[in-house]
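Here is a briefing on one structure, grouped by topic. Please keep the sequence and the 3D view open while reading.

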Amino acid sequence: MTDTLDLDAALAAFVGQSSGPATRGSHPVNEPMIEHWVEAMGDYNPVYVDDAAAREAGFPGVIAPPTMLQAWIMRGLRASLDADAAGGSGAEASESPNDRVMALLNEAGYTSVVATNCDQHYERPLVPGDHLSVTSVIDSVSGEKQTGLGIGRFLTNRLEYRDQDGELVATMLFRILKFKPGTGAAARAAAPAAAAEQPAARPLRPRPALTQDNAFFFEGAKQHKLLIQRCNACGTLRHPPRPSCAHCRSFEWEPVEASGRGTIFSFTVNHYPQVPAFDYPLVVALVELEEGTRLIANVSGITPETVHIGMPVEVGFEDFDDELSLPVFHPAGTAAATGTSAATGTATATATADETRTN
Ligand SMILES: [Zn+2]
């Protein structure tokens, strides 16, 4: 019996076990939190805030946005810090099965983690006054998989949300990938060239995850056009790309070309982890276009010491390979570093990262 099979058996023994005690929300479902949420998310569906509109739609009154589900359970910063401190004091007996599965995976070298997907199912709308508790069961642990990020195993927890009467109101499958760092596609791409004692071929940049909503953006970039979605019904611009208008809910839209002028709204300088397709330090900015939408992109022609919030920038485009061109901004009034180049780092898939992604 190999180590892998031993580990398979050890992990399989945890499937079906509760991954921790029930957790009760700090507060019942309430209208102030709903109003903060819809404002932050830009979701203007009136059934969340307008009692009359909710009744007209067939509800008993305002309801909570279904995707707020986790918000009703999440503890605050102080409670999280207290829990971390309690865990650090070394009470081994209080380790949950989920903690033990994570420890087994860490010991086997799967030390990195990324949340991969989350499927929620709603049994009924939540209304102010509902007070939720959640329990969690280890649903599955996969065998070893080779993924783009690295060799790893998927761990799925099934969470059940119940109201104050014990009625099931929602379920959620939450999956993470625990993987071995340095075993992903970038490392594999570099390995054959190194083995042949040739200069390592530079790995291609990560591909964006194309969808029917965002493909236009990357097709536009190939033609060196910076495109923004515009709602056909109300004219509102939006980015990142998504199926419907947050203002009027229309699904009809068309792409419009941006001027390419904007300012740096915020930025970060990425030092680690380093991916071979990029150069470091890597300046990644949130650029506010003069049309009003924002996007994440790289800034070239500037050092980390001189980039600053409010800096005027203009777009250029880089053709990284036959399939991938991306907008890269540069300080306004300077020459664009356009053309074919593998030398300048650029944010890729993050340019259209869905802001609702769960981590
Ligand atoms: Zn609209």
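Arg-230 has Leu-237 in strand 8 as its bridge partner. The model is predicted: local features need pLDDT of at least 70, side-chain atom pairs count only at pLDDT 80 or more, and totals for chains, interfaces and linings use all residues. Residues are numbered from 1 along each chain as its sequence is written, and side-chain values use heavy atoms, with hydrogens and water left out.

- Helices (H or I, at least four residues) and strands (E, at least two) are DSSP runs, numbered from the N terminus.
- Two strands pair if DSSP finds at least two bridges between them.
- Strand 7 and strand 8 meet that with 2 bridges, in the antiparallel sense.
- An open sheet is formed by 3 strands in the order 8-7-9, with antiparallel pairing.
- Strand 8 and strand 9 are at the edges with a single partner strand each, so one side of each has no neighbour in the sheet.
- Strands of a sheet pair through backbone hydrogen bonds, either parallel or antiparallel.

**The zinc site**

- Which protein atoms are the donors of the zinc ion? They are the SG atoms of Cys-231, Cys-234, Cys-245 and Cys-248, 2.3 to 2.4 Å from the ion.
- Donors here are N, O and S atoms within 2.8 Å of the metal (3.2 Å for Na, K and Ca); water is not among the atoms, so sites may look incomplete.
- The 4 donor atoms subtend angles of 101 to 113° around the zinc ion, so the arrangement is tetrahedral (four donors, all angles between 85 and 135 degrees).
- Along the chain, the donors follow the spacing C-x2-C-x10-C-x2-C.
- Cys-234 lies in the loop between strand 7 (227–231) and strand 8 (237–238), and Cys-245 in the loop between strand 8 and strand 9, so this pair ties together parts that are 11 residues apart in sequence.
- Buried means under 20% relative accessible area, exposed over 50%, and partly exposed in between (1.4 Å probe, protein chains only).
- Cys-234 is partly exposed at 33% relative accessibility, whereas Cys-245 is buried at 1%.

**Aromatic pairs**

- The whole structure holds 2 aromatic pairs.
- Rings of Phe, Tyr and Trp (its six-membered ring) pair if their centres lie within 6.5 Å; planes under 30 degrees apart count as stacked, over 60 as edge-to-face and the rest as tilted.
- Phe-216 and Trp-253 have ring centres 4.9 Å apart and planes at 55°, so this pair is tilted.
- The pair links distant parts of the chain, 37 residues apart: Phe-216 is in helix 7 (residues 215–222) and Trp-253 in strand 9 (residues 253–257).
- Phe-216 is buried at 13% relative accessibility, while Trp-253 is partly exposed at 23%.
- Phe-217 and Phe-218 have ring centres 5.2 Å apart and planes at 80°, so this pair is edge-to-face.
- Phe-217 is buried at 2% relative accessibility, and Phe-218 is buried at 6%.

**Charges over rings**

- A charge sits over a ring if NZ of Lys or CZ of Arg is within 6 Å of the ring centre and within 35 degrees of the ring normal.
- The charged end of Arg-205 is over the ring of Phe-320, 3.9 Å from the centre.
- Arg-294 lies over the face of Phe-265, 3.6 Å from the ring centre.

**Strand 14 and its partners**

- Strand 14 (residues 325–331) is mostly covered, with 7 of its 7 residues buried.
- Strand 12 (residues 294–299) pairs with strand 14 in the parallel sense over 2 bridges.
- Val-299 stands opposite Phe-329 in strand 14.
- Strand 13 (residues 312–319) runs antiparallel to strand 14, joined by 7 bridges.
- Glu-318 has Leu-326 in strand 14 as its bridge partner.
- Strand 13 and strand 14 form a hairpin, with 5 residues between them.

- Thr-263 is in strand 10 (residues 261–270) and is partly exposed, with a relative accessible area of 30%.
- Contact means heavy atoms within 4.5 Å.
- Leaving aside neighbours within four places in sequence, Thr-263 has contacts including Leu-286, Glu-288, Gly-310 and Val-313.
- Thr-263 and His-308 are 45 residues apart in sequence and 9.6 Å apart in space, C-alpha to C-alpha.
- Pro-32 is in helix 2 (residues 31–41) and is exposed, with a relative accessible area of 52%.
- Pro-32 and Pro-128 are 9.8 Å apart in space, C-alpha to C-alpha, and 96 residues apart in sequence.

Definitions and conventions: Four donors count as tetrahedral if all angles lie between 85 and 135 degrees; four count as square planar and six as octahedral if opposite donors are over 155 degrees apart and all others between 65 and 115; anything else is irregular.
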